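The following exercises, each with a worked solution, concern the structure shown below.

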Amino acid sequence: MKFLGSNLEHAASQNRGVILDAIHRSAPISRTELARRSGLTKQAVARIVERLLDEGLVMEARRRHGLRGQPAIELEINPDGLFSIGANIDRDHLTVVVIDATGTPRGRIHHEKRFILPGEFLDLMRDALSTFRRRRLFDEGRLAGIGLAIPDWLGEVPVIGLPETYRAWCTFDVRAALEALTEHPVLIANDANAAAAGEIDYGLGTEIKSFFYVLVNACLGGATVIDGVRHKGRNGMSGEIGWLPVVFDEGPLAGQVQPLGDMVSLFILMDHLRQHGIAVSTPEDLIHLDARGRALVTAWLKRISAKIAEAIENIGLLVDPEAILVGGRLPVRIIDELLVYVREHLTRMGIEAPSLHRAACSEDAAALGAAAMPLASRLGLASADKGG
């Protein structure tokens, strides 16, 4: 993979980003390899690398032996060179994480609670930032920013159990509220796009350049990644798989066309179990079900897998990605089981579909992806969203 830069003086910022992106994706890597991959001269690479070393963003990790001549010094991103904080607020939880420059989590605070209101959200965010500082989990002077992953229409979509008070999110200026808590940049994306951002730089996106991300959280979401960049569309609606129309095969809505999100989500699975007398309130509860509960989950997965297979067929025709990634708060074991049934349906349909994978960043995907956004912006990575 080449990371083409420019030798023009006015392109210094672009070239710096090209070198950081190459080190980020290909470390450990030598200066000579950086010059070859970027198209920059060795002298230009040397100058950029020296500045990055002085700033503490890059470090000389090792010498590569076994080659002729002087052993090559290899470069890596310095984990302590930058830090970032990411939060995911949803209808059933708030997760806040702090990561270092390599995307490694340094701290996590999680609140498993349904329908957190804006005021409580701000209080919990303030407490999380205070806790991270008190534990010295990041260097304030090296904080790239705060990223927030938040579902679209958070207080508007009529989900199961939605209280009237939750509509306060409809008029709440979350950006202004977060900016009042910090002097650092605040970047915001919907939860599926944030999860995809994390996957691009720290998950399967390091190997797969174009993919469609299916996020199964309290509600269903999706994101489109083309050539390593999130494609959000003119109005930010690209990837909204939850609104894809499907025909319901059974139940009171049998024969009707409804959004796929009305059939597939974490909330809907939990409600399905409750209707059969099994109380579940968190994703962890799904791991500890008895044989009857597991059988009910399996039956539900088989039913929805047919509709997800149809959706994948449509995605393949419209976008033609290399892969479909499925992540979110569904337990890993359940995602893997779902993918088995989806593959079976695609085979029966005779469809040559994109490859299917469980996303590398699953349970905290949206929070980790939210934290990845300020890092990408500060490092000048190709995945950075300037409009975040």
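**Exercise 1.** Which residues is glutamate 76 in contact with, leaving aside its neighbours within four places in sequence?

*Solution.* Step 1. Contact means heavy atoms within 4.5 Å. By this rule, glutamate 76 is in contact with Ile23, Ala27, Pro28, Leu57, Val58, Met59, Ala61 and Arg62.
Step 1. The model is predicted, so local features need pLDDT of at least 70 and side-chain atom pairs count only at pLDDT 80 or more, while totals for chains, interfaces and linings use all residues. Residues are numbered from 1 along each chain as its sequence is written, and side-chain values use heavy atoms, with hydrogens and water left out.
Step 2. Glutamate 76 is found in strand β3 (residues 72-77); helices (H or I, at least four residues) and strands (E, at least two) are DSSP runs, numbered from the N terminus.
Step 3. Glutamate 76 counts as buried, because its relative accessibility is 17%. The cut-offs are under 20% relative accessible area for buried and over 50% for exposed, with partly exposed in between (1.4 Å probe, protein chains only).

**Exercise 2.** At roughly what angle do the axes of helix α1 (residues 12-26) and helix α3 (residues 42-55) cross?

*Solution.* Step 1. Axes are lines fitted to C-alpha atoms, for helices over the stretch in contact, and angles run from 0 to 180 degrees between N-to-C directions. The axes of α1 and α3 come within 10 Å and cross at roughly 75 degrees.
Step 1. α1 is therefore roughly perpendicular to α3. Angles of 65 to 115 degrees count as roughly perpendicular, under 35 as roughly parallel, over 145 as roughly antiparallel and the rest as oblique.
Step 2. On the α1 side, the contact is made by Asn15, Arg16, Ile19 and Leu20; α3 contributes Val45, Ile48, Val49, Leu52 and Glu55.
Step 3. These residues divide into 6 nonpolar, 1 polar and 2 charged. Here Ala, Val, Leu, Ile, Met, Phe, Trp, Tyr, Cys and Pro count as nonpolar, Asp, Glu, Lys and Arg as charged, and the others, Gly among them, as polar.

**Exercise 3.** What is the strand order of the open sheet that has β6 and β8 at its edges?

*Solution.* Step 1. Two strands pair if DSSP finds at least two bridges between them. The order is β6-β5-β4-β7-β8, with mixed pairing.
Step 1. β6 (105-111) and β8 (186-189) each have a single partner strand, so one side of each is left without a neighbour in the sheet.
Step 2. Strand β5 (residues 93-100) pairs with β6 in the antiparallel sense over 6 bridges, and leucine 94 stands opposite histidine 111 in β6.
Step 3. Helix α6 (residues 191-202) lies across β4 (83-90), β7 (143-149) and β8, running at about 110 degrees to β8.

**Exercise 4.** How many residues does the largest nonpolar core have, and which element gives the most to this core?

*Solution.* Step 1. A nonpolar core is a set of buried Ala, Val, Leu, Ile, Met, Phe, Trp, Tyr and Cys residues joined through side-chain atoms within 4.5 Å. The largest one has 40 residues, and Leu273 and Leu286 have the most contacts inside it.
Step 1. Among the elements that each supply at least two residues of this core are α7 (266-275) and β14 (323-328). α9 gives the most, with 10 residues.
Step 2. Not counting residues up to four places away in sequence, leucine 273 touches Ile278, Val280, Leu286, Leu289, Gly293, Leu296 and Val297.
Step 3. A second, separate core of 36 residues includes Phe83, Leu129, Val159 and Ala218.
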